[in-house]
Amino acid sequence: MDMSSADIYREIILDYYRNPRNYGRLEAPDVVVRDTNPLCGDEVEMHIKFEDGRIKDIRFNGKGCAISQASASMLTEMVMGKSLEEVKGLGRQDILEALGLPNLGPARIKCALLSLKVFKLGIYSYLAEKIGEDEASSIKDEATKLF
Amino acid sequence: MLSMLDIERIRADFPILGRKVRNGKRLIYFDNAATTQKPKQVIDAIYNYYMNYNANIHRAVHQLSEEATEAYEGSRAKVARFINAKSDEIIFVRNATEAINLVAYAWGRANIRAGDTIVVSEMEHHSNIVPWQILAREKGARLHYIRIDHDTNTSRDDHEKGEGGDSGGDGSLILDDLYHAISHGNVKLLAISHMSNVLGNINPVKEMVEICRDKGIRVLVDGAQSAPHMPVDVKDIDCDFFAFSAHKMLGPTGVGILYTKREILDAMDPFLGGGDMIREVHKYDAVWNDLPWKFEAGTPNIADVIGFGAAVDYLNTIGMENVRLYEDELTRYMLSRLTEVKGLRLYGSMDADRRGAVFSFNLADIHPHDLATILDEDGIAIRSGHHCAQPLMERLGVAATSRASLYIYNTKEEIDRFIDSLERARLIFKVGG
Ligand SMILES: Cc1ncc(COP(=O)(O)O)c(C=O)c1O
């Protein structure tokens, strides 16, 4: 069953929507990656800086609904400082749980997963350069399979 | 004037309006600018064709084909009368988009040259922009935009919530831009919407045709939002082309209508080649069929054209004057109720005489998709997004708007429930004030 909007738009989502953490751009990012959800025009761009196999710093910007923007902001918090190994395993359920929206309906699930897609594409483009496109291609597959 | 009793009777013709959605909520359908619902008269006409006289048209002597041809051509005559045209000036295509593309390809390619100017406006639907971009690029012509009256006083900083900001201007066209284009360039075509699918504003197309008169400028009117909602007389407007879609006026999907003045059609080469559009075919050449069949290659959408004929009958029974009057009443009511909602920003004219029942707005810092989700939960179908008018969104300084668009079967009581739902959204989003 779909969630009611009172469940969806809880205080925490509204807070991340109105006061997004890690919002903005980085001075000298290793990767800049951006994607949109053509259906509704949601837009997320991420700037990522790596160091010693870890996410040294990450920022996002974009525009869109509360779900897409809160999810992007929460994702940046989840991955900050983590190793590539740790973040490679991130899946849709991790994001939905962080948002507290495990049963989001089909009309809105893309809003929640756009940031994960962008993040995975960012990791892919970093690794593709480091270890080669073929080695990294599974991450790209995961990203494009999200929706 | 339609009474509430008439509206109840009209509603009873639309089976879908009795549907429950989202756990038993009665459906409130406010997405009519995208597509309207269909009365059972239209559904029955399509059903009846397939059940009783399904046949290809024009090329057979048997009875079924005769009946199908008569019904198909009967629809053409009805549509012609509906907009005060002649039957041979009506071409059936798939939708308004295809109608505009037909003009771009068949007329545009032969008549637009390098250095020419095509004038459109900032409020056009993508279907009245992109075909002209393609044509202009191909020919080395220029696209010129008539601006809308709107001041954006807001910064476009992405992070600034509550996009939009204060503005003057009700989105009406700045006609000086048309005069300017004409005096500074070789304008060959004006392509302009009759009613905006975002702002609801009705444009002074007759006056604009007058401005273009005797200057060798052809005028295409995109009537996708006007033909369903008010009386249209193409001879009175005196435009050269008029495009609209059946599915936005109680008809089925898959039928678009292009009206073109007879003298232009005569001189125009066909758009698609194939069966039905020819009189004679030899190995290396062919003679085109008469109008309008010259422009209808291949088997057309027979069933849905017949269904559309039933939609035109239905609208004629109500009377387009009455449609306009009733929607005017709904519009006045909606405008007064919307102004009561704190933090609501409406785009488009506040003058009911100059607009139709299409309302685009933003509510505080609630993103339109979030708003549409909340309204959907109350059984209310609205649209959120850019409404295929991204240049207009850019001009308004917003990424998206919410849009409620009404039709003949909507009621003031539904408007009340819609307003209640907006208030609920303000509570859920904890909008202050
Ligand atoms: C003003 C306007 N023009 C053109 C169109 C295109 O209509 P269709 O999608 O039926 O081709 C629309 C429909 O959204 C419209 O509102």
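At 11% relative accessibility, D276(B) counts as buried, where buried means under 20% relative accessible area, exposed over 50% and partly exposed in between, with a 1.4 Å probe and protein chains only. D276(B) sits in the loop between α9 and β11 (278-281) of chain B, and has a positive phi of about 75° although it is not a glycine. Helices here are DSSP runs of H or I with at least four residues, strands are runs of E with at least two, and both are numbered from the N terminus.

A quick word on what you're looking at. This is a predicted model, in which local features need pLDDT of at least 70, side-chain atom pairs count only at pLDDT 80 or more, and totals for chains, interfaces and linings use all residues. Residues are numbered from 1 along each chain as its sequence is written, chains are lettered from A and ligands numbered from 1 in the order in which they are written, and side-chain values use heavy atoms, with hydrogens and water left out.

Is D214(B) buried or exposed? It is exposed, with a relative accessible area of 77%, and its loop runs between α7 and β8 (218-222) of chain B.

K261(B) lies in the loop between β10 (256-260) and α9 (262-267) of chain B. With a relative accessible area of 12%, K261(B) is buried. Contact means heavy atoms within 4.5 Å. Leaving aside neighbours within four places in sequence, K261(B) is in contact with E89(B), R213(B), D238(B), C239(B) and D240(B).

Two prolines are worth a stop as well. The peptide bond from L291(B) to P292(B) is cis, with omega near 0°, and P292(B) is found in the loop between β12 (286-288) and α10 (302-318) of chain B. P228(B), for its part, lies in the loop between β8 and α8 (234-237) of chain B. P228(B) is buried, at 0% relative accessible area. Setting aside neighbours within four places in sequence, its contacts are G223(B), K248(B), M249(B), M320(B), V323(B) and Y407(B). From P228(B) to Y284(B), 56 residues along the chain, the C-alpha atoms are separated by 44 Å.

**A helix with a buried face**

Which residues of helix α6 (residues 176-184) of chain B are buried? They are D177(B), L178(B), A181(B) and I182(B). Seen down the axis of α6(B), these buried residues fall within an arc of 135°, so they line one face of the helix; the arc is that of the directions from the helix axis to the C-beta atoms. An α-helix has 3.6 residues a turn, so residues three or four places apart point the same way. The buried residues of α6(B) pack against β5 (116-121), β6 (142-146), β7 (186-193) and α7 (205-212) of chain B, while D176(B), S183(B) and H184(B) are exposed on the other side.

**Helices that meet α14(B)**

Helix α14 of chain B (residues 412-428) packs with α12 (residues 368-377) and with α11 (residues 320-338). Axes are lines fitted to C-alpha atoms, for helices over the stretch in contact, and angles run from 0 to 180 degrees between N-to-C directions.

| Pair | Axis separation | Angle |
|---|---|---|
| α12(B) and α14(B) | within 9 Å | roughly 125° |
| α11(B) and α14(B) | 10 Å | about 20° |

That angle makes α12(B) oblique to α14(B), whereas α11(B) and α14(B) are roughly parallel to each other. The cut-offs are under 35 degrees for roughly parallel, over 145 for roughly antiparallel, 65 to 115 for roughly perpendicular, and oblique for the rest.

In the α12(B) contact, L371(B), I374(B), L375(B) and E377(B) meet F418(B), S421(B), L422(B), R424(B), A425(B) and I428(B) of α14(B). These residues divide into seven nonpolar, one polar and two charged. Here Ala, Val, Leu, Ile, Met, Phe, Trp, Tyr, Cys and Pro count as nonpolar, Asp, Glu, Lys and Arg as charged, and the others, Gly among them, as polar.

**Over to chain A**

I58(A) is found in strand β3 (residues 54-63) of chain A. It is buried, with a relative accessible area of 0%. Not counting residues up to four places away in sequence, I58(A) touches several residues, including N22(A), L26(A), M46(A) and F119(A). I58(A) and P106(A) are 48 residues apart in sequence and 29 Å apart in space, C-alpha to C-alpha.
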